[in-house]
Amino acid sequence: HRVDRRQRQMCIRDRNKAQQDVVYRIDADGLDGLVYEGRREVRALAGEVLAIPVELSIDAEKLPSSTNEITFHIRATDDDSIHNDASSRFIGPSVR
């Protein structure tokens, strides 16, 4: 039995507004069974604008609709006050 998986490639953009280099941890949620594939941790120099390619996948049967809200979470690994959440959409096939 073959499972039909849907994959989407996205690019997360964020700016390190801190005065020092920061290591960020990245994750995504919003759909049951959503799998984040890509670098979990990235280092950003002070003031650097990051463009991080990521890939998300999910079993097609777990998509509740053709347009699904997800959230990316970016957090500094050593400072909880440095964080950013960004809403996005996981576009899937039309649900009948």
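The chain has seven strands and zero helices. Along the sequence, the pattern reads β-β-β-β-β-β-β. This is a predicted model, and the average pLDDT of the chain is 90. Of the residues, 94% score at least 70. Confidence is highest in strand 2 (residues 22-29), with a mean of 96. Confidence is lowest in strand 1 (residues 5-15), with a mean of 90. Where pLDDT is low, predicted coordinates should not be read in detail.

## The chain as a whole

The chain holds 96 residues, and 33% of them are buried. Its C-alpha atoms fill a box of roughly 50 × 25 × 20 Å along the principal axes. The accessible surface comes to about 6,300 Å². Carbon and sulfur atoms account for 43% of that surface.

How far apart in sequence are the residues that meet? Take the contacts between residues at least 6 apart: 64% of these join residues at least 24 apart.

Charge comes next. The chain carries 15 positive side chains and 17 negative ones. The centres of the two sets lie 6 Å apart.

Strand 5 spans residues 49-59. Ser57 sits in this strand. Is Ser57 buried or exposed? Its relative accessible area is 0%, so Ser57 is buried. The side chain of Ser57 makes a polar contact of 2.8 Å with the side chain of Arg5.

Which side chain does Asp59 meet in a polar contact of 2.4 Å? The partner is Arg5. Arg5 therefore has side-chain polar contacts with both Ser57 and Asp59.

Leu50 is another residue of strand 5. With a relative accessible area of 8%, Leu50 is buried. Leu50 and Ile74 are 24 residues apart in sequence, and their C-alpha atoms are 11 Å apart.

Cys11 lies in strand 1. Its relative accessible area is 42%, so Cys11 counts as partly exposed. Its contacts, leaving aside neighbours within four places, are Ala51, Ile52 and Pro53. Cys11 and Ile52 are 41 residues apart along the chain, yet their C-alpha atoms are separated by 5.4 Å.

Asp14 is in strand 1 too. At 14% relative accessible area, Asp14 is buried. Setting aside neighbours within four places, Asp14 contacts Glu48, Val49, Leu50, Ile74 and Asn84. With Asn84 there is also a polar contact between side chains, at 3.0 Å. Asp14 and Ser88 are 74 residues apart in sequence and 14 Å apart in space, C-alpha to C-alpha.

## A loop residue: Asp79

Where is Asp79 found? Asp79 is in the loop between strand 6 (67-76) and strand 7 (83-91). At 28% relative accessibility, Asp79 is partly exposed. Its side chain forms a polar contact of 2.6 Å with the side chain of Ser81. Asp79 and Arg5 are 74 residues apart in sequence, and 35 Å separates their C-alpha atoms.

| Residue | Partner | Distance |
|---|---|---|
| Ser57 | Arg5 | 2.8 Å |
| Asp59 | Arg5 | 2.4 Å |
| Asp14 | Asn84 | 3.0 Å |
| Asp79 | Ser81 | 2.6 Å |

Key: Residues numbered from 1 in each chain as written. Predicted model: local features only at pLDDT ≥ 70, side-chain atom pairs only at ≥ 80, totals over all residues. Heavy atoms only, no water. Helix = DSSP H or I, 4+ residues; strand = E, 2+ residues; numbered from the N terminus. Buried < 20%, exposed > 50% of the residue type's maximum accessible area, 1.4 Å probe, protein only. Polar contact = N/O pair within 3.5 Å; in protein donor to acceptor, adjacent residues only side chain to side chain. pLDDT = per-residue confidence, 0-100. Contact = heavy atoms within 4.5 Å. Areas by Shrake-Rupley, 256 points an atom, 1.4 Å probe, with all protein chains shown as cover. Lys, Arg positive; Asp, Glu negative; His and termini not counted. Charge placed at Lys NZ, Arg CZ, Asp CG, Glu CD.
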